[in-house]
Amino acid sequence: MSCESLEIISYGVDETIALGQAIGKQLQGGEVIALAGTLGTGKTHFIKGLALGLDVEDVDVVTSPTFTLINEYEGRLPLYHADAYRLEKADQLAALGFDEMCSGLGVVVVEWADRVRSLMDDYKPINIYLEHRGENERALRIEKLPSYVKMEIEHG
(Lines give C-alpha, C1' and ligand atoms only; values in the text may rest on other atoms or scores of the structure.)
Protein backbone atom coordinates (compact mmCIF):
# COMPACT_ATOMS: atom_id res chain seq x y z
CA MET A 1 0.00 0.00 0.00
CA SER A 2 1.27 3.48 -0.74
CA CYS A 3 0.52 7.12 -0.04
CA GLU A 4 -1.11 8.58 -3.16
CA SER A 5 0.37 12.08 -2.98
CA LEU A 6 2.26 14.24 -0.52
CA GLU A 7 3.69 17.74 -1.00
CA ILE A 8 6.60 18.99 1.05
CA ILE A 9 8.18 22.43 0.85
CA SER A 10 11.96 22.61 1.19
CA TYR A 11 13.44 25.93 2.28
CA GLY A 12 16.99 25.22 1.17
CA VAL A 13 19.56 22.68 0.06
CA ASP A 14 20.00 21.27 3.58
CA GLU A 15 16.27 20.53 3.86
CA THR A 16 16.20 18.86 0.43
CA ILE A 17 19.14 16.67 1.46
CA ALA A 18 17.45 15.90 4.82
CA LEU A 19 14.27 14.85 3.03
CA GLY A 20 16.24 12.48 0.79
CA GLN A 21 18.06 11.13 3.84
CA ALA A 22 14.80 10.53 5.74
CA ILE A 23 13.44 8.53 2.82
CA GLY A 24 16.73 6.71 2.16
CA LYS A 25 16.94 5.46 5.78
CA GLN A 26 13.63 3.67 5.35
CA LEU A 27 14.12 2.08 1.94
CA GLN A 28 14.27 -1.70 1.93
CA GLY A 29 15.66 -2.40 -1.53
CA GLY A 30 13.94 -2.93 -4.84
CA GLU A 31 12.54 0.62 -4.97
CA VAL A 32 12.65 2.63 -8.17
CA ILE A 33 12.44 6.41 -7.85
CA ALA A 34 11.55 8.68 -10.76
CA LEU A 35 12.71 12.30 -10.29
CA ALA A 36 11.41 15.07 -12.52
CA GLY A 37 11.98 18.81 -12.41
CA THR A 38 13.68 21.59 -14.28
CA LEU A 39 17.33 22.55 -13.88
CA GLY A 40 18.23 23.70 -10.39
CA THR A 41 15.26 22.25 -8.54
CA GLY A 42 17.42 20.04 -6.32
CA LYS A 43 17.29 16.61 -7.93
CA THR A 44 20.95 15.85 -7.25
CA HIS A 45 20.79 17.27 -3.71
CA PHE A 46 17.84 14.98 -3.02
CA ILE A 47 19.90 12.02 -4.28
CA LYS A 48 22.81 13.03 -2.01
CA GLY A 49 20.34 12.77 0.85
CA LEU A 50 19.18 9.34 -0.34
CA ALA A 51 22.83 8.27 -0.39
CA LEU A 52 23.27 9.50 3.19
CA GLY A 53 20.19 7.54 4.25
CA LEU A 54 21.55 4.45 2.52
CA ASP A 55 24.88 4.83 4.38
CA VAL A 56 26.97 5.60 1.29
CA GLU A 57 30.35 6.40 2.85
CA ASP A 58 31.41 9.36 0.71
CA VAL A 59 28.40 11.38 -0.46
CA ASP A 60 30.73 14.03 -1.89
CA VAL A 61 31.17 11.71 -4.89
CA VAL A 62 27.43 11.78 -5.58
CA THR A 63 27.09 13.89 -8.71
CA SER A 64 24.69 13.90 -11.60
CA PRO A 65 25.85 11.32 -14.16
CA THR A 66 24.92 13.54 -17.11
CA PHE A 67 27.75 12.21 -19.27
CA THR A 68 28.41 8.79 -17.71
CA LEU A 69 24.62 8.18 -17.60
CA ILE A 70 24.75 5.83 -14.58
CA ASN A 71 26.68 6.00 -11.29
CA GLU A 72 26.66 3.26 -8.69
CA TYR A 73 27.28 3.87 -5.00
CA GLU A 74 27.80 1.22 -2.32
CA GLY A 75 26.03 1.56 1.00
CA ARG A 76 23.58 -0.41 3.11
CA LEU A 77 21.92 -1.08 -0.26
CA PRO A 78 23.43 -0.40 -3.68
CA LEU A 79 22.28 2.93 -5.11
CA TYR A 80 22.03 3.16 -8.89
CA HIS A 81 21.79 6.77 -10.07
CA ALA A 82 20.82 7.31 -13.71
CA ASP A 83 20.44 10.56 -15.61
CA ALA A 84 18.14 10.53 -18.64
CA TYR A 85 18.73 14.16 -19.64
CA ARG A 86 20.81 13.27 -22.70
CA LEU A 87 18.70 10.29 -23.75
CA GLU A 88 16.31 10.60 -26.65
CA LYS A 89 14.19 7.53 -25.89
CA ALA A 90 13.56 4.97 -23.16
CA ASP A 91 15.22 2.17 -25.15
CA GLN A 92 18.58 3.86 -24.56
CA LEU A 93 18.21 3.50 -20.79
CA ALA A 94 17.05 -0.09 -21.23
CA ALA A 95 20.21 -0.80 -23.26
CA LEU A 96 22.33 0.40 -20.32
CA GLY A 97 21.01 -2.43 -18.12
CA PHE A 98 18.08 -0.68 -16.48
CA ASP A 99 16.11 -3.95 -16.14
CA GLU A 100 19.02 -5.63 -14.36
CA MET A 101 19.40 -2.72 -11.94
CA CYS A 102 15.69 -2.83 -11.12
CA SER A 103 15.63 -6.58 -10.58
CA GLY A 104 18.16 -6.49 -7.73
CA LEU A 105 17.99 -5.50 -4.11
CA GLY A 106 19.31 -2.01 -4.67
CA VAL A 107 17.60 1.35 -5.03
CA VAL A 108 17.34 2.83 -8.52
CA VAL A 109 16.84 6.56 -8.97
CA VAL A 110 16.48 8.29 -12.34
CA GLU A 111 16.87 12.03 -12.85
CA TRP A 112 14.84 13.49 -15.73
CA ALA A 113 12.58 10.44 -15.51
CA ASP A 114 9.92 12.22 -17.57
CA ARG A 115 12.17 11.60 -20.61
CA VAL A 116 11.96 7.80 -20.13
CA ARG A 117 8.51 7.55 -18.51
CA SER A 118 7.37 4.64 -20.68
CA LEU A 119 10.18 2.47 -19.28
CA MET A 120 9.82 3.75 -15.72
CA ASP A 121 6.11 3.01 -15.40
CA ASP A 122 6.68 -0.75 -15.71
CA TYR A 123 8.47 -0.62 -12.33
CA LYS A 124 5.75 1.27 -10.42
CA PRO A 125 8.17 3.99 -9.31
CA ILE A 126 7.96 6.39 -6.43
CA ASN A 127 7.42 9.62 -8.37
CA ILE A 128 8.99 12.81 -7.08
CA TYR A 129 8.38 16.10 -8.86
CA LEU A 130 10.53 19.08 -7.85
CA GLU A 131 9.47 22.62 -8.62
CA HIS A 132 10.89 26.11 -7.99
CA ARG A 133 8.74 28.16 -5.60
CA GLY A 134 11.25 30.90 -4.83
CA GLU A 135 14.97 31.60 -4.64
CA ASN A 136 15.52 29.03 -1.86
CA GLU A 137 12.14 27.33 -1.83
CA ARG A 138 11.25 24.11 -3.64
CA ALA A 139 8.08 22.06 -3.67
CA LEU A 140 8.51 18.30 -3.75
CA ARG A 141 5.40 16.37 -4.71
CA ILE A 142 5.85 12.72 -3.85
CA GLU A 143 3.51 10.14 -5.34
CA LYS A 144 3.26 6.43 -4.58
CA LEU A 145 5.47 6.51 -1.50
CA PRO A 146 5.41 3.02 0.07
CA SER A 147 3.44 2.78 3.30
CA TYR A 148 6.56 1.66 5.20
CA VAL A 149 8.15 5.08 4.55
CA LYS A 150 6.93 7.51 7.20
CA MET A 151 7.37 11.21 6.58
CA GLU A 152 7.83 13.44 9.60
CA ILE A 153 9.72 16.49 8.39
CA GLU A 154 10.64 19.46 10.58
CA HIS A 155 11.74 22.71 8.97
CA GLY A 156 14.51 24.77 10.35
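Start by selecting Tyr123, which is partly exposed at 26% relative accessibility (buried means under 20% relative accessible area, exposed over 50%, partly exposed in between, with a 1.4 Å probe and protein chains only). This is a predicted model, in which local features need pLDDT of at least 70, side-chain atom pairs count only at pLDDT 80 or more, and totals for chains, interfaces and linings use all residues. Residues are numbered from 1 along each chain as its sequence is written, and side-chain values use heavy atoms, with hydrogens and water left out.

The structure holds 2 aromatic pairs. Rings of Phe, Tyr and Trp (its six-membered ring) pair if their centres lie within 6.5 Å; planes under 30 degrees apart count as stacked, over 60 as edge-to-face and the rest as tilted.

Next, select Tyr85 and Trp112. Their pair is tilted, with 4.8 Å centre to centre and 55 degrees between the planes. Tyr85 is in the loop between strand 4 (79–83) and helix 3 (90–95), and Trp112 in the loop between strand 5 (107–111) and helix 5 (117–120), 27 residues apart. Helices (H or I, at least four residues) and strands (E, at least two) are DSSP runs, numbered from the N terminus. Tyr85 is partly exposed at 38% relative accessibility, while Trp112 is buried at 12%.

Phe98 belongs to helix 4 (residues 98–102), and Tyr123 to the loop between helix 5 and strand 6 (126–132). Phe98 is buried, at 0% relative accessible area.

Last, select Lys43, which lies over the face of Trp112 at 4.2 Å from the ring centre.

Definitions and conventions: Lys NZ or Arg CZ within 6 Å of the ring centre and 35° of its normal.
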